[in-house]
Amino acid sequence: MYTRFITYDLNYASNDDYNELYKLLEGYKSKKITESTYQIDTSESLEVFKNKFYKATHNGDNVKVIIKTDKGMEVRVIR
């Protein structure tokens, strides 16, 4: 099981529908840390995880995942 943190800035939130993103967060039973940062526990590979969030957001949004590696905490860009 991996603990990951997803954080985002939805640049088109006033014009676009982000229901897919919110359903995805709900499906993971994520824990809200801040307005746009969530803790998620999952056994999914990082690529599968990132791909789901990529599909649930739009070009121009800023989406990142924070992960623990052998080197410490790292930020990986999704969008």
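A contact here means heavy atoms within 4.5 Å. With that in hand, look at how the chain folds back on itself: of the contacts in the protein with a separation of 6 or more, 59% are between residues 24 or more positions apart.

Before going on, some housekeeping. This is a predicted model, in which local features need pLDDT of at least 70 and side-chain atom pairs count only at pLDDT 80 or more, while totals for chains, interfaces and linings use all residues. Residues are numbered from 1 along each chain as its sequence is written, and side-chain values use heavy atoms, with hydrogens and water left out.

Now the layout. There are two helices and five strands, and from the N terminus on they run β-α-β-β-α-β-β. Helices (H or I, at least four residues) and strands (E, at least two) are DSSP runs, numbered from the N terminus. The C-alpha atoms fill a box of roughly 40 × 25 × 25 Å along the principal axes. The radius of gyration, taken over C-alpha atoms, can be held against a globule rule of 2.2 Å times the number of residues to the power 0.38. For 79 residues a compact globule would come out near 12 Å, and the protein has 12 Å, so the two agree.

What about inside and outside? Call a residue buried under 20% relative accessible area, exposed over 50%, and partly exposed in between (1.4 Å probe, protein chains only). Buried residues then make up 34% of the 79. The protein exposes about 5200 Å², and carbon and sulfur atoms supply 47% of that; the areas come from the Shrake-Rupley method with a 1.4 Å probe, and for residues only the protein chains shown count as cover.

Head inward next. A nonpolar core is a set of buried Ala, Val, Leu, Ile, Met, Phe, Trp, Tyr and Cys residues joined through side-chain atoms within 4.5 Å. The largest one has 18 residues, and I6, L21, L25 and F53 have the most contacts inside it. At least two residues of this core come from each of β1 (2-9), α1 (19-27), β3 (37-42), α2 (46-55) and β4 (62-69).

Take F53: leaving out residues up to four places away in sequence, F53 touches I6, L21, L24, L25, Y28, I40 and I78. L21 sits in helix α1 and counts as buried because its relative accessibility is 1%.

Beyond its neighbours within four places in sequence, K50 is in contact with V65, V77 and I78. K50 and I6 are 44 residues apart in sequence and 9.5 Å apart C-alpha to C-alpha.

Compare K29, in the loop between α1 and β2 (31-34). K29 counts as exposed because its relative accessibility is 74%, and its phi is near 55°, a positive value in a residue other than glycine.

Finally, E74 belongs to strand β5 (residues 72-77) and, at 22% relative accessibility, counts as partly exposed. Neighbours within four places aside, E74 is in contact with V65, I66, I67 and T69.
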